[in-house]
Every structure is written in C-alpha cells, then in structure tokens.
Amino acid sequence: MIAHLPADLVHFVLTAVLSFLVGLEIKTYREKNVKDQNRYFFFGTARTMTFIGVLGFVFYRIDPVHLIPYVTVMILLSALFAIFYRKRLKEGHPGILLYVVMLCVYAFGPLSQILPLWAPALLFVTVVFVLNAQRAIDRFIQGADTYEFETLGKMVLLSAVILPLLPDRQVAAWLPLSPFKIWLAVVVISAISYGGYIAQRYFFPNKGYFLTGIIGGTYSSTATTVVLARKAVAVGGSRVIDAAIVAATSMMYLRLIVIAGIFNISIAKMVAIPFSVLALAGFGFAALLLRGKGQSAGPVEAEDRNPLELGTAFVFALLFVVMMILTDYVTKHYGNVGLEILSFLIGFTDIDPFVLSLLTGKYAVAGAHVASAILIAAGSNNLLKALYALWFGRGGHTGRAAALIALLGAATIALGFYRPIFELASHI
C-alpha cells in the first residue's frame, strides 16, 4: 500500500512521526532526570520537535541543491537556542543535550528524502537509546580506565591512517608478506584479544572464577592460568578454580579455530575437528571438577596488561616477522622434522605469532604439516601452562588443573602427529 503513495507524502509523515516521538522521549527523559522542569521552558516539547522536523523537511525540499533555505533556518534555530542557552548558563546548567537532539530532529527531513527509510529510523533509535542509557553510560564512564581508551584510540589511528599507507606488495625476498598484510594480521589478532579483554574487565565486573576462565581464554589462556593459580593460593585451593583453568585452555582451542578460519580456511578445516574434540574434552573435565565442592564465586582481578597497547602490538608484529623468517628457513633446510621440532619449542613461548606465521606464509611443506605444527605448538603450550599452574599455584592448590592441562597437551601433540585426521579434514 505504501508503494502506491506519493514518495513525498511518505517521507513527510515519517519525518513528522519520528520528530514527535523524539519529543515524547525528551518529555520522559525530563521527568526521570530533571528536577526543575522550568529549565526547559520552550525547547524540547513534543510539539516543538515535531515542527522542527517538519521545517527541516520543507526547507530542504525547497532547494535540495544549494541548501540555502535549509541552512538559513538551521542558523536561526541555533541563534534562538543561543538566547535560551544564555539563561541556562546563568542558572548553572551548561549542557547542550537539547540542542544536539534538535539538530538530529532537523536532519530527519533530508535523511528521509536522500537515503533509504532505515537511515532516519536508525538515527531515531540512536537518539532514544542514548537518552535512555544515561545512567548506564555514567556508570560505565566512572568505571572505565581512560588510559585504555587512549590506547584504543592510538590503535584505531594506526589501523585507519597508517594501514592504508603501507605498501601491499612484497618489499624483500626474505619477507613473504607485504607490510600491509603483516600489520593487518596484527590488527585482527589484537582486535580478537581486545574483545575478550574488554568483556572480562568491563561487562562482567563481578564475575566468578569459572566465568573468568571462560572469558580469559578468549584472549590469553596463559595469563588467565597465572591469575587463577595465584587466586587458588589466596583462597586455599578450589575445584571451581581448577575447572576455570581447564576451561581457559579449552577456549584457547576454539580461539585458534577462529583465527585459522580468518586467515587460512583450508588449514582451519584441518584443525577444526581435533581442536573441537579437545575443547569438548576440556569442558568435560571442567564439568567433572565443578561437580565437586568448592568456592563458586569470588572477585578476580585481571593482572595482565591491555592487549592493544602500542608496545604490545609492535612487539607482536616483530615476533610475527621473525617467526615467518625462522619458519621459512627451517622448512627449507630441515623439512617436516625441523618444523615439528620448532613447533614444540615455540610452544613454550607465545604461540600466536608463530601460528599466524604458519597460517599466512607460504612454505615448502604441505598443508597437513602446517596443521600438524599448529597442534604441536598448542600442545607444548599446554605443558607450559601446566608448569605455570604448579608454580604459581604452589603445587597442591592447582594440582588437578595442572594434571588435566598436561593431559590435554599430550593428547594435542599426539593428534598433531596423526596425519590421517588432517588428510580426512582436507577433503570435507
């Protein structure tokens, strides 16, 4: 039915309705948050917002090319608000929320005419959401670490400004990837890690031990193991903490599947089955531990650093390049056996740069051997985490978790040497 109506009529009605609804939302906001209602003596009513939206529609429609009438009315409305704002400043209320909302409403008319209908609807939803989320936003800002947001801003700058400037071609014979693709890989890995870090630090501030293990495993199962092992010493040991440590390692398997899927889908198919089986086994061990008695919740402070810090990103990029060069050298001179030994040794360090180099590089080995190397590295990394659990948990406090992680590590290495599973997956 709407398709048979004149387009201008549809756009006009949409503009008027959305503007009216914003006015109602401002009335609700005022009743909830403003004690002195007289502060808004003429700006912000439903009728005012409706007329502002209609004015935006009409004066844009008069001259949609040069926009002289539209801009002139916007200047007049701004001048009128300036008179109103002087009164607010004298009363000690410097906020300009109503002016910003008025500009959004004034934009409904042009948006409804030059863009699909979802554009003004999206602007309306955004205005309503922000008005209703004041308290939640205030709580988030009060609990946020401004240094971390400064770090995120720097990383966005490097991604949006520096990344497009890097050459997308091979610049050296010994470096198989272009600088653009190297830094793009670093940005992607950092973003995945940062997502888990933010979820753990801000969205679950009162999380328990097990949830700490689940979320922490999405960005650093090693760091999470250390944090939880120390906590086990503080509380005198807990089966729930043991379960959380095992769950963090289980999440590592799922994280590696996602990373492989982003950078090399053929390798992702090969590692998906063994990693999924190992993850399920790990969660099964964690479920068995949870059936025992122990503390089920408690405050856990993340002691690891923000994974998006610039220093961390540059070190990761450097390690990524070093791992590519080292892997290329080993595969050319020592073949598959050399790659297997290298994978086992690298597992006792940070495996992300090595795994990324395997997924993005082109080496003198078959894909099955690359998948095998990833599993071997993940397995030896589990052995390292088992040692960390024993060391930082002072033996008996996290002995069960250390034993289960070591078992998962041994199983991961064994599957890494079982080549038929990769050949089967490659044909799926």
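Which residues does G379 touch, not counting residues up to four places away in sequence? The first point below gives the reply.

1. G379 touches G409, T412 and I413, when residues up to four places away in sequence are not counted; contact means heavy atoms within 4.5 Å. G379 lies in helix α16, where helices (H or I, at least four residues) and strands (E, at least two) are DSSP runs, numbered from the N terminus. With a relative accessible area of 0%, G379 is buried; buried means under 20% relative accessible area, exposed over 50%, and partly exposed in between (1.4 Å probe, protein chains only). The C-alpha atoms of G379 and A406 are separated by 8.4 Å, and these residues are 27 residues apart along the chain.

2. On the basis of the model: it is predicted, local features need pLDDT of at least 70, side-chain atom pairs count only at pLDDT 80 or more, and totals for chains, interfaces and linings use all residues. Residues are numbered from 1 along each chain as its sequence is written, and side-chain values use heavy atoms, with hydrogens and water left out.

3. Overall composition. The secondary structure of the protein consists of 18 helices and 0 strands. Of the 428 residues, 47% are buried. Among contacts between residues at least 6 apart in sequence, 76% join residues at least 24 apart.

4. Nonpolar cores. A nonpolar core is a set of buried Ala, Val, Leu, Ile, Met, Phe, Trp, Tyr and Cys residues joined through side-chain atoms within 4.5 Å. The largest has 66 residues, and I267, F275, F320, F354, L358 and I374 have the most contacts inside it. The elements giving two or more residues to this core include α9 (179–203), α12 (239–263), α14 (310–346) and α16 (367–392). The most comes from α12, with 12 residues. F354 touches M323, T327, L339, L342, S343, I346, A373 and A377, again leaving out residues up to four places away in sequence. Another core, of 24 residues, lies apart from the largest one and has F81, L98, F108 and L131 among its members.

5. Packing of α13 with α17. These helices pack at an angle of about 165 degrees, with their axes 11 Å apart; axes are lines fitted to C-alpha atoms, for helices over the stretch in contact, and angles run from 0 to 180 degrees between N-to-C directions. That makes α13 roughly antiparallel to α17 (angles under 35 degrees count as roughly parallel, over 145 as roughly antiparallel, 65 to 115 as roughly perpendicular and the rest as oblique). In the contact, residues of α13 including P274, F275 and L278 meet residues of α17 including R400, L404 and L407. By class, this contact has 11 nonpolar, 2 polar and 1 charged residues; Ala, Val, Leu, Ile, Met, Phe, Trp, Tyr, Cys and Pro count as nonpolar, Asp, Glu, Lys and Arg as charged, and the others, Gly among them, as polar.

6. Packing around α11. The helices α11 and α12 pack at an angle of about 180 degrees, with axes 9 Å apart, and they are therefore roughly antiparallel to each other. Their contact has 9 nonpolar, 4 polar and 1 charged residues. The axes of α10 (residues 209–216) and α11 come within 9 Å and cross at roughly 165 degrees. Y209, T212, G213 and G216 in α10 meet S221, T224, L228, K231 and V235 in α11. The residues of that contact divide into 3 nonpolar, 5 polar and 1 charged.
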